[in-house]
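Notebook open, model loaded. I want to look up a few side chains and then step back to the whole fold.

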Amino acid sequence: MPKILTDREKEMTMDAIYQKTVELIKEKGLRGVTVDDITRRANMAKGSFYKYYPTKEECLYEVIKRTEKEMFSKVKEILANTKPSKEIVAKALNEVYIGNNSIILYTTPNDFETLMRKLPEEYAKREAEKAVDYFGQTMYLLGIDGTKINLGILDNLMSSLAFLASKKNNQIENKEAMRLIVSTIAEYLTGGIYNE
């Protein structure tokens, strides 16, 4: 008869899968991670893995979303109860894109798009809702009226940041360039340069 796991044991297993998958993404990139890697690193049987996630892609997606949620909580904490200034906004963006816990540095937009194509359709809907929700909450926390900024400019700046985050060569130079873009975005969002 199979062993019945307590809720605490299930939670600890999920945390182990999460932690080990984050480590593997940082080491191998999103495309390089296999179920065998995860189970070996988490010290669990492959069959046990499938009790938690039906596919590797669903596991990777959930790990990315959990990391995003944790990062967004940090951003909310940084922005809470303070008038957003260029420095505060830059600190929040640095946490998301350049911070030690960021896996954005290890996942390319192309890899994420490939992952999304392998997932059931409900994930695409969930992703679209989550992106709008995070953007809306961030704009609210920053006290920014979306009609007063050019969203096309903001999208281009954010795309530049994501592009640099995903480049594997010259990490030191990439991070410095990312800090410059973060500074520009922070200034743009707090009413500095380019705002009309």
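Predicted model: local features only at pLDDT ≥ 70, side-chain atom pairs only at ≥ 80, totals over all residues.

**Aromatic rings.** I started with the ring cluster: Phe 49, Tyr 50 and Tyr 53 are linked by ring pairs.

Then I looked at Phe 49 against Tyr 53. The centres sit 5.8 Å apart here and the planes are at 40°, so I put this pair down as tilted. The cut-offs back that up, because an angle has to be over 60 degrees for edge-to-face and under 30 for stacked.

**How covered are these rings?** Next I checked accessibility in the cluster. Phe 49 has a relative accessible area of 0%, so it goes down as buried. Tyr 53 comes out at 9% and also counts as buried. Tyr 50 is at 40%, which I logged as partly exposed.

**Thr 67.** Which helix holds Thr 67? I found Thr 67 in H4, the helix that covers residues 56-79. Is Thr 67 buried or exposed? Its relative accessible area is 5%, and the cut-off for buried is under 20%, so I wrote down buried.

I also wanted to know what the polar end of this side chain is doing. A polar atom of the Thr 67 side chain lies 2.9 Å from the backbone oxygen of Val 63. For contacts, I skipped the neighbours within four places in sequence. That left Tyr 18, Val 22, Asn 101 and Ile 103 in contact with Thr 67.

**Tyr 18 again.** Arg 66 lies over the face of Tyr 18, and I noted 3.9 Å to the ring centre.

**Whole protein.** Last, the overall picture. I get nine helices and zero strands, and from the N terminus on the elements read α-α-α-α-α-α-α-α-α. The protein has 196 residues, and 37% of them count as buried.

I looked at contacts between residues at least 6 apart in sequence, and 66% of these join residues at least 24 apart.

Terms used:
Residues numbered from 1 in each chain as written. Heavy atoms only, no water. Helix = DSSP H or I, 4+ residues; strand = E, 2+ residues; numbered from the N terminus. Buried < 20%, exposed > 50% of the residue type's maximum accessible area, 1.4 Å probe, protein only. Polar contact = N/O pair within 3.5 Å; in protein donor to acceptor, adjacent residues only side chain to side chain. Contact = heavy atoms within 4.5 Å. Phe/Tyr/Trp six-rings, centres within 6.5 Å; stacked < 30°, edge-to-face > 60°. Lys NZ or Arg CZ within 6 Å of the ring centre and 35° of its normal.
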